[in-house]
Each structure stands twice: as structure tokens, then as C-alpha cells.
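Here are my notes for reading this structure alongside the sequence. Please keep the picture open as you work through the points.

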Amino acid sequence: MVKKACAYALKMVQSNPWYPKIARKLISGIEIKKAGDEETAKICNSVNKKHKGLILPGPNTACFIARNKRKTVGYIFLVKHHPNASSFYRYWLSTLWVAPFYRRLGIGRVLMKIAMDEARAQKAKQLYILVNQANERALPLYIELGFTPASIPEISEYLEEEKKLTGIDKMAMVTGF
Ligand SMILES: CC(C)(COP(=O)(O)OP(=O)(O)OC[C@H]1O[C@@H](n2cnc3c(N)ncnc32)[C@H](O)[C@@H]1OP(=O)(O)O)[C@@H](O)C(=O)NCCC(=O)NCCS
């Protein structure tokens with residue numbers, strides 16, 4: 001109960017237009033970089049505990065992390081699905097997450113940008129992302145970075161299924177290079 005109330009209060013404070021300016025001055029020392037194999041596997045494991053088998057570690061999966069001292073405070077995955085392996089056969093950004101206390105500091109934007117740079121370096125022509133249509137924090141960021149809604153017939157069944165199971169209405173977005 002107390003935890004929920006604190007989370008709500010933090011969210012409210014962070015929604016204020018003045019918050020990023022002040023917080024970005026107070027909180028410093030965030031390092032953002034590509035994770036090594038061991039760390040990628042560790043984060044994959046913890047993500048997969050929550051979202052069963054969502055991310056497979058391997059040569060087609062790159063993970064970017066934000067760190068404050070030794071603590072991981074954010075991450076994102078860039079996954080290249082093989083054409084024969086999945087109806088998701090494309091470059092995808094996945095599982096962008098920033099720890100609640102570290103939100104609105106610009107970490108999400110930097111994680112997105114370095115993962116996009118990596119996709120570009122891998123010669124991706126398009127880059128996709130799935131987003132909950134009600135996600136008021138992520139949507140403006142994706143739009144700012146050039147993502148627009150995309151229709152992908154191969155995954156529409158998956159999205160319908162997920163909506164039935166979880167009530168979450170997700171859509172795909174795409175940007176081109
Ligand atoms: C979405 C999320 C990753 C954003 O990370 P963040 O580090 O807080 O984002 P940034 O500080 O880089 O903000 C970038 C932009 O996103 C938008 N944004 C982020 N948080 C916002 C908020 N609380 N209210 C309104 N806009 C917000 C703004 O456009 C912001 O730009 P601005 O600060 O110049 O106004 C973070 O809120 C999070 O981890 N949420 C839970 C997981 C999640 O929803 N992931 C997305 C899955 S698709």
C-alpha cells in the first residue's frame with residue numbers, strides 16, 4: 001500500500017514539466033553503454049522471468065544498459081529476428097525500461113538513440129517497436145524519434161491474442177533509415 005502510494009507520488013512529480021530540468025541537475029553519473037555477453041544474459045534472464053521467453057540471448061540480440069555506479073537503472077534490447085525463425089522477422093527494439101526513480105532524466109531517450117544507431121550500423125532499413133497504445137510516457141518518445149504506426153499482418157493474430165489475455169492493446173511502430 002505504502003509502496004503503491006510512493007510510486008504514484010513519484011509518477012505525479014515526474015509528470016511536471018519542471019521536473020526534468022531540476023532532476024537532471026541533481027542526478028548525475030549515469031553511464032550508458034552496450035552490455036557485455038554476461039550482463040546481456042543476466043538481463044535476458046530477469047526479463048524472461050516476467051515475460052516468458054521474450055528475449056533470447058545470442059548473436060542477434062544486443063543489449064544497452066544505463067548504470068548508476070554499479071546498479072543497472074535502465075535497458076533496451078535490439079533484436080534481429082531471423083526470417084525463418086519468427087513472424088517477427090525484422091529488426092526490433094524491445095523491453096525499454098528505466099527504473100522508476102531514474103525516469104525523466106533523458107535515459108530512455110539515450111537508450112533508444114544508441115540502440116537505433118546500432119541498428120543503423122547493422123544496415124537495418126527499418127526498425128520496429130511494440131507499444132501499449134495507452135503508454136503515455138513511451139508514445140511521445142517514439143514519435144519524437146520518428147516512429148509511426150505500422151501494420152504488420154503476420155503479427156496481428158499475436159497482438160489480438162495478447163489483448164485477449166492481458167487486456168493490453170499493443171501496436172507496432174516503425175522508423176526507416
Ligand atoms: C517509457 C520510459 C522508458 C521512458 O524513460 P525515461 O528515461 O523516463 O524517458 P526520458 O527521460 O528519456 O524522456 C524522453 C521523453 O519521453 C516522454 N516522457 C517520458 N516520461 C514522461 C512522462 N512521465 N510524462 C510525459 N512524457 C514523458 C517525454 O516526451 C520525454 O521528453 P522530455 O523529457 O524532453 O519531455 C520509462 O517511463 C519506463 O521505463 N516506463 C516503464 C516501462 C515502459 O513503459 N517501457 C516502454 C515499453 S514500450
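1. Among contacts in the protein between residues at least 6 apart in sequence, what percentage join residues at least 24 apart? The figure is 62%, and, like every other value in this note, it comes from a predicted model, so please read it as a property of that model.

2. On overall dimensions, the C-alpha atoms of the protein fill a box of roughly 45 × 35 × 30 Å when this is taken along the principal axes. The radius of gyration is 17 Å, which agrees with the value near 16 Å that a compact globule of 177 residues would have. Buried residues make up 21% of the 177 residues.

3. Turning to the secondary structure, the protein has six helices and seven strands, and, when they are followed from the N terminus on, these elements run α-α-β-α-β-β-β-α-β-α-β-α-β.

4. The seven strands form an open sheet with mixed pairing, and their order in it is β1-β2-β3-β4-β5-β7-β6. At the edges lie β1 (30-34) and β6 (148-150), each of which pairs on one side only. Neighbouring strands of this sheet are turned against each other by 30° on average, with direction ignored.

5. Three bridges join β6 to β7 (residues 170-176), and the two strands run antiparallel; proline 149 has methionine 173 in β7 as its bridge partner.

6. Helix α4 packs on the sheet, where it touches β1, β2 (61-68), β3 (71-80), β4 and β5 (126-132), and its direction makes about 30° with that of β3. The helix α4 (107-121) also returns in the next point, as it supplies at least two residues of the shell around the ligand.

7. Which residues are the closest to the ligand? The ligand is surrounded by 21 residues, and the closest are Arg103, Gly108, Arg109, Pro140 and Leu141. Besides α4, both β4 (91-98) and α5 (138-144) supply at least two residues each to the shell, and the largest share, four residues, comes from α5.

Conventions: Residues numbered from 1 in each chain as written. Predicted model: local features only at pLDDT ≥ 70, side-chain atom pairs only at ≥ 80, totals over all residues. Near = placed C-beta within 6 Å. Rg over C-alpha atoms; globule rule 2.2 N^0.38 Å. Buried ≥ 20, exposed ≤ 12 C-beta atoms within 10 Å, placed from the backbone. Contact = placed C-beta atoms within 7 Å. Pairing = 2+ DSSP bridges. Axes fitted to C-alpha atoms, helices over the stretch in contact; angles between N-to-C directions.
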